[in-house]
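I opened this structure for the first time today and kept notes as I went. The entries below follow the order in which I looked things up.

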Amino acid sequence: MRKYIERVMKSKNLTAIEMKEASELMFHEQTDAEDIKSFLIALHEKGETAVEMASLIQVLQADLNLKSNGAHYFDNCGTGGDGSNSFNISTTASFTLAAAGIKVAKNGNRKVTSSSGSTDLLEELQIPTTIPQARFEDELHEKGLVFIFAPAIYPKLKQMSAIRKSIPTPTIFNLIGPLSNPLQLTYQLTGINNPALLHEYAKALHLLGRERAVVLSGEGGMDEASLHGTTQCILLDHGELIPFSITANEVGLRESSLADITGGTPAENAEIFHSIMDGIDSPYQDAVVFNAGIALFIANEVETIQQGVKKAREIIQSGKAKEMYEKMKMTVLQKIIETKKTEVAELLKLEKPMDQQLPIYSLADQLSNSEQLRIIAEFKRASPSKGMINDQLSPIDTALQYETAGAAAISVLTDRTYFKGSFQDLYQVATHVKVPVLCKDFIIDEVQIDYARIHGASVILLIVAALSKERISELYQYAKYKGMEVLVEVHDERELQIATSLGAKIIGINNRNLHTFEVDLNHSKTLMKNAKVDSDVFFISESGIQNTEDAQTVSDAGATAILVGETLMTAENIHKVFNELSVEKREVTYDKS
Ligand SMILES: O=P(O)(O)OC[C@@H](O)[C@@H](O)c1c[nH]c2ccccc12
Ligand SMILES: [Mg+2]
């Protein structure tokens with residue numbers, strides 16, 4: 001490290017090989033923190049070069065295995081740190097770009113100098129920010145837009161934070177954020193807070209393989225094109241660097257001051273975001289269309305920035321940018337899972353309650369050799385799709401009625417936030433009936449399975465749509481090991497495949513899509529009819545079953561049982577509903593005779 005410090009202090013620029021070695025030393029735990037500090041300060045005083053910035057990035061990305069798959073990705077992340085406290089211009093612009101068909105991989109971070117960073121705003125807007133890296137390209141393919149939380153990609157950078165905090169001036173690490181996109185980009189728009197570095201920055205983008213890019217610095221070092229004064233730019237076009245400057249008036253926009261585009265808290269910026277998406281004319285919208293216009297020009301969607309500005313405005317006014325936002329918003333299932341993660345973290349902190357060894361009853365036994373469609377009756381006070389269903393019923397009384405009516409099992413919703421249930425409900429039911437009780441929850445961790453068992457569950461639910469393939473298999477094995485059975489819930493062909501590859505014997509086909517809440521019995525019917533499963537697999541048709549006709553439909557398609565919640569929770573007479581839904585299994589009796 002010493003030799004590089006000395007070299008840099010003599011104002012010598014480092015070669016790529018030297019900077020790579022220096023970077024590796026910086027990340028090496030045995031390197032003295034004081035040396036790293038001196039190096040970073042000297043590098044900054046000398047002025048960071050393109051080669052130095054790009055080499056540091058290459059070291060950080062050494063294990064990412066970056067390669068182009070032919071798709072053209074775009075990023076419009078800036079350096080931040082410009083002290084302008086503008087609202088989230090580039091984050092808002094990214095929806096407009098994606099709506100234009102550009103594949104936007106937007107890199108971002110939490111607030112550092114502003115009051116709301118890109119990630120803070122996205123959370124407020126209920127857009128997922130924790131998508132795993134392995135999914136980035138699929139997301140871009142499916143939705144056209146993905147948000148990347150940079151610190152999650154580079155654990156090495158965390159080591160640097162203490163050292164960086166001890167240095168009063170910015171360092172190379174304050175510059176490289178926008179260079180650190182973990183995908184191989186074709187296009188990039190990036191704003192930097194230091195106009196003196198425009199040239200080096202554009203060169204760094206070239207070294208990192210960008211085909212076309214604009215690096216700009218707005219009036220006063222703003223990291224976006226500014227509506228007041230002049231914005232300095234460099235266009236990188238296939239290796240060529242073309243400097244130019246631009247003003248709002250030149251692209252057909254009126255001037256506005258910095259005060260007109262100031263942001264605030266994440267909630268305040270979300271309000272600004274919505275007003276832009278709703279097409280309300282304002283300096284906020286101008287700032288977005290200015291920057292989006294430049295981006296459209298970079299990606300060859302238009303021939304001039306003026307045209308880009310016009311097109312960006314149209315995309316917003318037509319509601320297409322807003323549609324893109326709606327598409328990106330978390331589905332109900334994703335939201336529930338996010339809440340579950342915090343609940344599980346809480347559960348893990350608690351001392352586990354005593355295991356009372358409540359008996360286990362087999363659901364598979366219940367389902368064997370029945371001439372009639374069986375019913376798994378559910379205790380469900382509320383749901384995200386229906387709101388409050390019935391909060392007047394006692395879990396014990398209801399469960400006892402379900403049992404005497406002939407339920408094959410009783411399902412108890414234990415999720416509190418969205419379904420108003422609890423483990424206490426589960427325990428009360430399990431200690432009063434002699435049929436299997438299903439813990440109905442969004443299980444993502446072993447600890448929930450422990451709690452389900454302690455509170456008397458014989459069966460747990462695992463939802464394929466909510467889990468990775470690896471995780472579902474681990475949780476499945478864990479429940480088995482605890483002596484419980486598992487109802488594996490699927491919604492489509494792909495999920496069914498995962499369930500069968502687990503060796504699941506009880507498969508729930510949910511008629512309700514947990515992402516959209518749509519209920520479709522026909523969809524399930526086709527899925528069951530075409531399924532290739534072992535003869536000892538039981539299908540349970542779940543959700544939306546209201547009458548004899550529904551029951552007969554799914555029975556004919558191959559269901560052994562139905563899982564019924566709302567219809568029972570709102571029934572005047574539970575026995576009557578049981579009679580209506582316990583239809584004969586026509587096909588099965590037919591085949592056997
Ligand atoms: O009330 P319904 O439409 O009869 O649905 C019952 C049950 O299928 C539904 O509650 C359900 C099926 N899968 C789930 C997963 C989690 C929570 C709830 C569910
Ligand atoms: Mg920005």
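**Entry 1: salt bridges**

I began with Arg254, which is partly exposed, with a relative accessible area of 41%. I keep in mind throughout that this is a predicted model. The side chain of Arg254 meets that of Asp286 in a salt bridge, at 2.8 Å from N to O. I looked up where the two residues sit: Arg254 lies in the loop between strand 7 (240-246) and helix 11 (266-277), and Asp286 in helix 12 (residues 283-298), so the pair ties together parts that are 32 residues apart in sequence. Asp286, for its part, is buried, with a relative accessible area of 0%.

I then turned to Asp556 and Arg586, whose side chains form a salt bridge at 2.5 Å, N to O. This pair links distant parts of the chain, with Asp556 in helix 23 (residues 548-557) and Arg586 in helix 26 (residues 586-592), 30 residues apart. Asp556 counts as buried at 17% relative accessibility, while Arg586 is partly exposed at 49%. I also noted a network, in which salt bridges that share partners join Arg135, Asp138, Glu139, Glu142 and Lys143.

**Entry 2: the barrel**

In what order do the strands close into a barrel? I found eight strands in the order 8-11-12-13-14-15-16-17, with parallel pairing. Neighbouring strands of this sheet are turned by 25° against each other on average, direction ignored.

Ile410 in turn has Val437 as its bridge partner in strand 12. I saw that helix 18 (residues 423-430) lies across strand 8, strand 11 and strand 12, and runs at about 175° to strand 12.

Last, I asked which residues of helix 1 (residues 2-9) are buried, and found Tyr4, Ile5 and Val8. Seen down the axis of helix 1, these buried residues fall within an arc of 105°, so they line one face of the helix. They pack against helix 2 (16-27) and helix 3 (33-46). Helix 1 is followed by Ser11, whose phi is positive, near 65°.

Terms used: Residues are numbered from 1 along each chain as its sequence is written. Chains are lettered from A and ligands numbered from 1 in the order in which they are written. This is a predicted model: local features need pLDDT of at least 70, side-chain atom pairs count only at pLDDT 80 or more; totals for chains, interfaces and linings use all residues. Side-chain values use heavy atoms; hydrogens and water are left out. Buried means under 20% relative accessible area, exposed over 50%, partly exposed in between (1.4 Å probe, protein chains only). Helices (H or I, at least four residues) and strands (E, at least two) are DSSP runs, numbered from the N terminus. The arc is that of the directions from the helix axis to the C-beta atoms. Contact means heavy atoms within 4.5 Å. Two strands pair if DSSP finds at least two bridges between them. Axes are lines fitted to C-alpha atoms, for helices over the stretch in contact, and angles run from 0 to 180 degrees between N-to-C directions. A salt bridge is a side-chain nitrogen of Lys or Arg within 4 Å of a carboxyl oxygen of Asp or Glu.
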